[in-house]
Amino acid sequence: MPKAELSNLRIEWERVRRILIVRLRSIGDTVLSTPSISQIKSLAPHVEIDILLEDWVAPLLEDHVDVNRVIIAPKSVLGRMALAFRLRKSRYDAVFNFHGGTTSAILSLAAGANAVFGYSSYRNSFVYNKKCPSSAEFWKRSTTHSAEQQCALVGYSGLAIETCPKTCLSVSAQSRAFVGDLLTSKLMGFEPGDFVLIHPAAAYETKRWSAKRFAETADFISESGFIPILLVTNAEAGIADEIVATAKHEIPVITNLPLRHVAALASEARLFLGNDSGMAHIAAAVGTPTVVVFGSSNRDHWHPWTDAPWGIVYKPFDCQPCPGDECRKFGEPRCIQEIETSAVVDEISRVLAQS
(Lines give C-alpha, C1' and ligand atoms only; values in the text may rest on other atoms or scores of the structure.)
Protein backbone atom coordinates (compact mmCIF):
# COMPACT_ATOMS: atom_id res chain seq x y z
CA MET A 1 0.00 0.00 0.00
CA PRO A 2 1.40 3.48 -0.87
CA LYS A 3 2.67 5.61 2.01
CA ALA A 4 -0.05 8.20 1.47
CA GLU A 5 -2.75 5.56 1.93
CA LEU A 6 -1.00 4.14 4.99
CA SER A 7 -0.94 7.59 6.56
CA ASN A 8 -4.73 7.76 6.18
CA LEU A 9 -5.02 4.81 8.55
CA ARG A 10 -3.47 6.72 11.44
CA ILE A 11 -5.49 8.30 14.19
CA GLU A 12 -4.56 10.99 16.73
CA TRP A 13 -3.94 8.78 19.76
CA GLU A 14 -3.50 11.76 22.07
CA ARG A 15 -7.20 12.51 21.48
CA VAL A 16 -8.35 8.93 21.97
CA ARG A 17 -10.00 8.17 25.31
CA ARG A 18 -11.83 4.86 24.85
CA ILE A 19 -11.39 2.01 22.41
CA LEU A 20 -13.18 -1.27 21.83
CA ILE A 21 -11.45 -4.49 20.78
CA VAL A 22 -13.74 -7.08 19.19
CA ARG A 23 -12.32 -10.57 19.70
CA LEU A 24 -14.97 -13.23 19.20
CA ARG A 25 -14.44 -17.00 19.04
CA SER A 26 -11.94 -19.23 20.76
CA ILE A 27 -9.73 -19.48 23.83
CA GLY A 28 -6.48 -19.29 21.89
CA ASP A 29 -7.64 -16.26 19.90
CA THR A 30 -8.51 -14.49 23.14
CA VAL A 31 -5.17 -15.24 24.82
CA LEU A 32 -3.30 -14.09 21.72
CA SER A 33 -5.01 -10.69 21.89
CA THR A 34 -3.15 -9.85 25.11
CA PRO A 35 0.07 -8.66 23.41
CA SER A 36 -1.93 -6.01 21.54
CA ILE A 37 -3.67 -4.95 24.73
CA SER A 38 -0.29 -4.65 26.48
CA GLN A 39 1.12 -2.55 23.64
CA ILE A 40 -1.82 -0.15 23.62
CA LYS A 41 -1.63 0.37 27.37
CA SER A 42 2.15 0.80 27.24
CA LEU A 43 2.15 3.32 24.39
CA ALA A 44 -1.13 5.10 25.23
CA PRO A 45 -1.60 4.64 28.99
CA HIS A 46 -4.42 7.20 29.15
CA VAL A 47 -6.69 5.06 26.94
CA GLU A 48 -9.47 2.91 28.40
CA ILE A 49 -9.61 -0.52 26.76
CA ASP A 50 -12.85 -2.51 26.56
CA ILE A 51 -12.94 -5.93 24.90
CA LEU A 52 -15.92 -7.77 23.46
CA LEU A 53 -15.79 -11.54 24.02
CA GLU A 54 -18.09 -14.52 23.93
CA ASP A 55 -19.42 -15.56 27.33
CA TRP A 56 -17.53 -18.85 27.60
CA VAL A 57 -14.09 -17.25 27.16
CA ALA A 58 -14.74 -13.96 28.97
CA PRO A 59 -13.40 -15.19 32.35
CA LEU A 60 -9.90 -15.34 30.86
CA LEU A 61 -9.60 -11.55 30.73
CA GLU A 62 -11.82 -10.49 33.62
CA ASP A 63 -8.75 -10.00 35.85
CA HIS A 64 -6.44 -8.60 33.17
CA VAL A 65 -4.69 -5.55 34.54
CA ASP A 66 -4.90 -3.58 31.28
CA VAL A 67 -8.57 -4.26 30.47
CA ASN A 68 -11.09 -1.77 31.82
CA ARG A 69 -14.21 -3.71 30.91
CA VAL A 70 -15.03 -7.13 29.48
CA ILE A 71 -18.24 -7.02 27.46
CA ILE A 72 -20.15 -10.22 26.71
CA ALA A 73 -21.53 -10.84 23.21
CA PRO A 74 -25.00 -12.41 23.59
CA LYS A 75 -25.94 -15.40 21.46
CA SER A 76 -29.46 -14.28 20.54
CA VAL A 77 -30.30 -11.82 17.79
CA LEU A 78 -32.31 -9.66 20.19
CA GLY A 79 -29.44 -9.70 22.68
CA ARG A 80 -27.01 -8.56 20.01
CA MET A 81 -29.35 -5.80 18.93
CA ALA A 82 -29.47 -4.55 22.52
CA LEU A 83 -25.69 -4.83 22.74
CA ALA A 84 -25.28 -2.76 19.58
CA PHE A 85 -27.33 0.01 21.21
CA ARG A 86 -25.19 -0.11 24.38
CA LEU A 87 -21.98 -0.02 22.36
CA ARG A 88 -23.09 3.09 20.50
CA LYS A 89 -23.90 4.82 23.80
CA SER A 90 -20.36 4.11 24.99
CA ARG A 91 -19.00 6.57 22.40
CA TYR A 92 -15.79 4.77 21.49
CA ASP A 93 -13.13 6.70 19.63
CA ALA A 94 -11.87 3.63 17.76
CA VAL A 95 -12.79 -0.03 17.26
CA PHE A 96 -10.31 -2.77 16.36
CA ASN A 97 -11.83 -5.98 15.03
CA PHE A 98 -9.41 -8.84 15.69
CA HIS A 99 -11.86 -11.44 14.39
CA GLY A 100 -13.07 -10.60 10.89
CA GLY A 101 -16.32 -12.56 10.78
CA THR A 102 -19.78 -11.29 9.93
CA THR A 103 -21.06 -10.89 13.51
CA SER A 104 -17.94 -9.08 14.63
CA ALA A 105 -18.16 -6.79 11.59
CA ILE A 106 -21.75 -5.83 12.42
CA LEU A 107 -20.92 -5.14 16.07
CA SER A 108 -17.80 -3.19 15.12
CA LEU A 109 -19.84 -0.95 12.85
CA ALA A 110 -22.67 -0.65 15.38
CA ALA A 111 -20.34 0.87 17.97
CA GLY A 112 -20.40 4.05 15.91
CA ALA A 113 -16.74 4.98 16.35
CA ASN A 114 -15.09 7.45 14.00
CA ALA A 115 -12.35 4.90 13.26
CA VAL A 116 -13.19 1.23 12.67
CA PHE A 117 -10.14 -0.94 11.93
CA GLY A 118 -10.12 -4.26 10.10
CA TYR A 119 -8.05 -6.03 7.48
CA SER A 120 -8.97 -5.53 3.85
CA SER A 121 -9.08 -9.33 3.54
CA TYR A 122 -11.94 -9.60 6.06
CA ARG A 123 -15.42 -10.60 4.99
CA ASN A 124 -17.73 -7.56 4.76
CA SER A 125 -14.69 -5.30 4.64
CA PHE A 126 -16.91 -2.42 3.51
CA VAL A 127 -17.83 -1.77 7.17
CA TYR A 128 -14.27 -0.66 8.00
CA ASN A 129 -13.26 2.91 7.24
CA LYS A 130 -9.71 1.93 8.21
CA LYS A 131 -8.98 -1.03 5.93
CA CYS A 132 -5.47 -2.31 6.61
CA PRO A 133 -3.17 -4.33 4.37
CA SER A 134 -1.74 -7.61 5.62
CA SER A 135 0.26 -8.12 8.79
CA ALA A 136 3.04 -9.44 6.54
CA GLU A 137 3.33 -5.98 5.00
CA PHE A 138 3.48 -4.37 8.44
CA TRP A 139 6.24 -6.66 9.71
CA LYS A 140 8.01 -6.81 6.32
CA ARG A 141 8.15 -10.60 6.17
CA SER A 142 6.02 -13.36 4.70
CA THR A 143 5.29 -15.32 7.87
CA THR A 144 3.55 -13.81 10.89
CA HIS A 145 2.12 -15.22 14.10
CA SER A 146 -1.51 -14.72 15.13
CA ALA A 147 -0.37 -12.41 17.95
CA GLU A 148 1.62 -10.36 15.44
CA GLN A 149 -1.38 -10.20 13.12
CA GLN A 150 -3.41 -8.52 15.85
CA CYS A 151 -0.55 -6.22 16.90
CA ALA A 152 -0.10 -5.11 13.31
CA LEU A 153 -3.72 -3.98 13.08
CA VAL A 154 -3.08 -1.67 16.03
CA GLY A 155 0.26 -0.62 14.57
CA TYR A 156 -1.37 0.59 11.38
CA SER A 157 -3.34 3.07 13.50
CA GLY A 158 -0.18 5.04 14.23
CA LEU A 159 1.02 3.61 17.55
CA ALA A 160 4.79 3.11 17.44
CA ILE A 161 4.69 -0.68 17.60
CA GLU A 162 8.07 -2.17 16.76
CA THR A 163 7.76 -5.56 18.45
CA CYS A 164 4.93 -7.82 19.53
CA PRO A 165 5.21 -8.66 23.26
CA LYS A 166 4.40 -12.10 24.59
CA THR A 167 1.03 -13.27 25.87
CA CYS A 168 0.17 -12.57 29.49
CA LEU A 169 -2.76 -13.64 31.67
CA SER A 170 -3.49 -12.49 35.20
CA VAL A 171 -4.29 -15.01 37.92
CA SER A 172 -6.47 -13.89 40.81
CA ALA A 173 -5.77 -14.74 44.44
CA GLN A 174 -9.16 -16.45 44.57
CA SER A 175 -8.24 -18.75 41.69
CA ARG A 176 -4.87 -19.56 43.25
CA ALA A 177 -6.58 -20.50 46.50
CA PHE A 178 -9.17 -22.65 44.71
CA VAL A 179 -6.49 -24.48 42.72
CA GLY A 180 -4.35 -24.93 45.82
CA ASP A 181 -7.19 -26.76 47.52
CA LEU A 182 -7.83 -28.81 44.38
CA LEU A 183 -4.20 -29.89 44.07
CA THR A 184 -4.12 -30.99 47.69
CA SER A 185 -6.53 -33.76 46.74
CA LYS A 186 -4.76 -34.66 43.48
CA LEU A 187 -1.02 -34.60 44.10
CA MET A 188 -0.78 -37.52 46.55
CA GLY A 189 2.13 -36.11 48.53
CA PHE A 190 3.72 -34.19 45.68
CA GLU A 191 4.12 -30.40 45.82
CA PRO A 192 2.81 -27.84 43.32
CA GLY A 193 5.44 -27.63 40.60
CA ASP A 194 5.98 -31.39 40.70
CA PHE A 195 3.24 -32.15 38.18
CA VAL A 196 2.87 -32.00 34.40
CA LEU A 197 -0.50 -30.77 33.17
CA ILE A 198 -1.76 -32.65 30.11
CA HIS A 199 -4.65 -31.57 27.90
CA PRO A 200 -5.14 -34.39 25.36
CA ALA A 201 -8.07 -32.98 23.38
CA ALA A 202 -8.50 -30.63 20.41
CA ALA A 203 -11.30 -29.44 18.13
CA TYR A 204 -10.48 -31.73 15.18
CA GLU A 205 -9.22 -35.27 14.79
CA THR A 206 -6.40 -33.87 12.63
CA LYS A 207 -5.12 -32.05 15.73
CA ARG A 208 -5.55 -34.86 18.29
CA TRP A 209 -2.58 -37.06 19.13
CA SER A 210 -3.64 -40.59 20.09
CA ALA A 211 -4.72 -41.51 23.61
CA LYS A 212 -2.34 -44.46 23.51
CA ARG A 213 0.67 -42.22 22.93
CA PHE A 214 -0.46 -39.74 25.55
CA ALA A 215 -0.63 -42.69 27.96
CA GLU A 216 2.90 -43.77 27.03
CA THR A 217 4.13 -40.22 27.54
CA ALA A 218 2.34 -39.99 30.88
CA ASP A 219 4.19 -43.14 31.97
CA PHE A 220 7.48 -41.48 31.03
CA ILE A 221 6.48 -38.43 33.08
CA SER A 222 5.65 -40.63 36.09
CA GLU A 223 8.94 -42.51 35.79
CA SER A 224 10.79 -39.18 35.60
CA GLY A 225 9.58 -38.21 39.08
CA PHE A 226 6.63 -36.01 38.17
CA ILE A 227 2.92 -36.68 38.43
CA PRO A 228 0.90 -36.33 35.21
CA ILE A 229 -2.51 -34.70 35.61
CA LEU A 230 -5.10 -34.80 32.84
CA LEU A 231 -7.29 -31.74 32.28
CA VAL A 232 -10.47 -32.29 30.26
CA THR A 233 -14.02 -31.01 29.91
CA ASN A 234 -17.02 -33.26 30.39
CA ALA A 235 -17.22 -33.67 26.61
CA GLU A 236 -13.58 -34.81 26.54
CA ALA A 237 -13.83 -37.22 29.47
CA GLY A 238 -13.82 -40.26 27.17
CA ILE A 239 -10.30 -39.38 26.00
CA ALA A 240 -9.13 -39.18 29.62
CA ASP A 241 -10.76 -42.53 30.42
CA GLU A 242 -8.88 -44.17 27.55
CA ILE A 243 -5.55 -42.70 28.66
CA VAL A 244 -6.06 -43.76 32.27
CA ALA A 245 -7.04 -47.28 31.22
CA THR A 246 -3.97 -47.62 28.97
CA ALA A 247 -1.28 -46.10 31.21
CA LYS A 248 0.76 -48.25 33.59
CA HIS A 249 0.79 -45.62 36.33
CA GLU A 250 -2.02 -43.81 38.10
CA ILE A 251 -3.10 -40.53 36.49
CA PRO A 252 -5.33 -38.04 38.32
CA VAL A 253 -8.00 -36.36 36.18
CA ILE A 254 -9.48 -32.87 36.59
CA THR A 255 -12.77 -32.54 34.74
CA ASN A 256 -14.64 -29.39 33.77
CA LEU A 257 -12.51 -26.93 35.72
CA PRO A 258 -14.01 -23.43 35.31
CA LEU A 259 -11.97 -21.50 32.77
CA ARG A 260 -11.17 -18.75 35.28
CA HIS A 261 -9.21 -21.35 37.28
CA VAL A 262 -7.38 -23.04 34.38
CA ALA A 263 -4.73 -20.32 34.21
CA ALA A 264 -4.08 -20.73 37.94
CA LEU A 265 -3.72 -24.49 37.56
CA ALA A 266 -1.38 -24.16 34.58
CA SER A 267 0.75 -21.63 36.45
CA GLU A 268 1.50 -24.23 39.14
CA ALA A 269 2.61 -26.92 36.66
CA ARG A 270 6.22 -27.82 35.95
CA LEU A 271 5.29 -28.28 32.30
CA PHE A 272 2.25 -28.30 30.04
CA LEU A 273 1.76 -30.94 27.34
CA GLY A 274 -1.03 -30.90 24.80
CA ASN A 275 -2.24 -30.61 21.24
CA ASP A 276 -2.55 -27.31 19.42
CA SER A 277 -5.44 -25.84 21.41
CA GLY A 278 -6.42 -22.89 23.57
CA MET A 279 -5.22 -24.63 26.71
CA ALA A 280 -1.65 -24.58 25.40
CA HIS A 281 -1.87 -20.81 24.91
CA ILE A 282 -3.18 -20.36 28.45
CA ALA A 283 -0.21 -22.30 29.84
CA ALA A 284 2.25 -20.29 27.76
CA ALA A 285 0.63 -17.01 28.86
CA VAL A 286 1.23 -17.76 32.56
CA GLY A 287 4.88 -18.62 31.91
CA THR A 288 4.68 -22.39 32.12
CA PRO A 289 7.13 -24.38 29.94
CA THR A 290 5.05 -25.84 27.13
CA VAL A 291 5.27 -28.69 24.61
CA VAL A 292 2.67 -28.79 21.85
CA VAL A 293 1.98 -31.62 19.39
CA PHE A 294 1.01 -30.25 15.96
CA GLY A 295 -0.91 -31.99 13.20
CA SER A 296 -2.84 -30.12 10.53
CA SER A 297 -2.59 -26.57 11.84
CA ASN A 298 -0.17 -23.79 10.95
CA ARG A 299 2.82 -24.05 13.29
CA ASP A 300 4.20 -20.64 12.30
CA HIS A 301 0.90 -18.95 13.09
CA TRP A 302 -0.12 -20.83 16.25
CA HIS A 303 2.99 -21.90 18.18
CA PRO A 304 3.28 -20.75 21.83
CA TRP A 305 3.94 -17.01 22.05
CA THR A 306 5.89 -16.80 25.28
CA ASP A 307 9.24 -16.09 26.88
CA ALA A 308 9.02 -19.36 28.81
CA PRO A 309 10.76 -22.43 27.33
CA TRP A 310 8.59 -24.11 24.72
CA GLY A 311 8.77 -26.69 21.98
CA ILE A 312 6.61 -28.13 19.23
CA VAL A 313 6.57 -31.64 17.82
CA TYR A 314 5.36 -32.37 14.30
CA LYS A 315 5.88 -34.58 11.29
CA PRO A 316 6.15 -32.54 8.08
CA PHE A 317 3.80 -33.20 5.16
CA ASP A 318 3.52 -31.11 2.04
CA CYS A 319 -0.23 -30.70 2.63
CA GLN A 320 0.29 -28.82 5.91
CA PRO A 321 -1.27 -26.61 7.02
CA CYS A 322 -4.84 -27.44 6.03
CA PRO A 323 -8.33 -26.46 7.24
CA GLY A 324 -8.24 -29.47 9.55
CA ASP A 325 -11.90 -30.43 9.50
CA GLU A 326 -10.94 -33.63 7.63
CA CYS A 327 -7.92 -35.15 5.92
CA ARG A 328 -8.55 -34.66 2.21
CA LYS A 329 -5.27 -36.19 1.08
CA PHE A 330 -5.08 -39.53 2.92
CA GLY A 331 -8.55 -39.95 4.41
CA GLU A 332 -6.94 -40.13 7.85
CA PRO A 333 -4.72 -37.55 9.59
CA ARG A 334 -1.30 -39.10 9.14
CA CYS A 335 0.33 -35.81 10.11
CA ILE A 336 -0.70 -36.34 13.74
CA GLN A 337 -0.98 -40.13 13.74
CA GLU A 338 2.62 -40.73 12.70
CA ILE A 339 4.23 -38.65 15.46
CA GLU A 340 6.08 -41.11 17.68
CA THR A 341 6.00 -41.09 21.47
CA SER A 342 9.79 -40.89 21.50
CA ALA A 343 9.73 -37.56 19.65
CA VAL A 344 7.45 -36.01 22.26
CA VAL A 345 9.43 -37.51 25.14
CA ASP A 346 12.63 -36.05 23.69
CA GLU A 347 11.07 -32.61 23.39
CA ILE A 348 9.76 -32.75 26.95
CA SER A 349 13.26 -33.59 28.18
CA ARG A 350 14.74 -30.72 26.17
CA VAL A 351 12.23 -28.16 27.44
CA LEU A 352 12.56 -29.32 31.05
CA ALA A 353 16.33 -29.01 30.80
CA GLN A 354 15.92 -25.40 29.66
CA SER A 355 13.56 -24.42 32.45
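Angles under 35 degrees count as roughly parallel, over 145 as roughly antiparallel, 65 to 115 as roughly perpendicular and the rest as oblique. The views below show a predicted model.

**View 1. Helices H9 and H10 cross at roughly 50°.** Helix H9 covers residues 211–223 and helix H10 covers residues 237–246; their axes come within 8 Å. With a crossing of roughly 50°, H9 and H10 are therefore oblique to each other. The crossing of these two helices is right-handed. On the H9 side, the contact is formed by Ala-211, Lys-212, Phe-214 and Ala-215, which meet Ile-239, Glu-242, Ile-243 and Thr-246 of H10. By class, the residues of this contact comprise 5 nonpolar, 1 polar and 2 charged.

**View 2. Six strands form an open sheet with parallel pairing.** The order of the 6 strands across the sheet is S3-S2-S1-S4-S5-S6. Strand S3 (69–73) and strand S6 (130–132) are the edge strands, each pairing on one side only. From one strand to the next, the twist averages 20°. In general, strands of a sheet pair through backbone hydrogen bonds, either parallel or antiparallel.

**View 3. Strands S5 and S6 pair at one end of the strand order.** Strand S5 spans residues 115–119 and pairs with S6 in the parallel sense over 3 bridges. Within this pairing, Tyr-119 stands opposite Cys-132 of S6.

**View 4. Helix H3 packs on the sheet.** Helix H3, residues 34–43, touches strand S1 (18–22) and strand S2 (48–54). The direction of H3 makes about 165° with that of S2.

**View 5. Helices H8 and H11 pack at an angle of about 65°.** Helix H8 (residues 173–186) and helix H11 (residues 259–267) have axes 9 Å apart. H8 passes H11 in a right-handed crossing. In H8, the residues in contact are Ser-175, Arg-176, Phe-178, Val-179 and Leu-183; they meet Arg-260, His-261, Ala-264, Leu-265 and Ser-267 in H11. This contact consists of 5 nonpolar, 3 polar and 2 charged residues.

Conventions: Residues are numbered from 1 along each chain as its sequence is written. This is a predicted model: local features need pLDDT of at least 70, side-chain atom pairs count only at pLDDT 80 or more; totals for chains, interfaces and linings use all residues. Side-chain values use heavy atoms; hydrogens and water are left out. Axes are lines fitted to C-alpha atoms, for helices over the stretch in contact, and angles run from 0 to 180 degrees between N-to-C directions. Helices (H or I, at least four residues) and strands (E, at least two) are DSSP runs, numbered from the N terminus. A crossing is left-handed if the near helix is turned anticlockwise from the far one by less than a right angle, and right-handed if clockwise. Contact means heavy atoms within 4.5 Å. Ala, Val, Leu, Ile, Met, Phe, Trp, Tyr, Cys and Pro count as nonpolar, Asp, Glu, Lys and Arg as charged, and the others, Gly among them, as polar. Two strands pair if DSSP finds at least two bridges between them.
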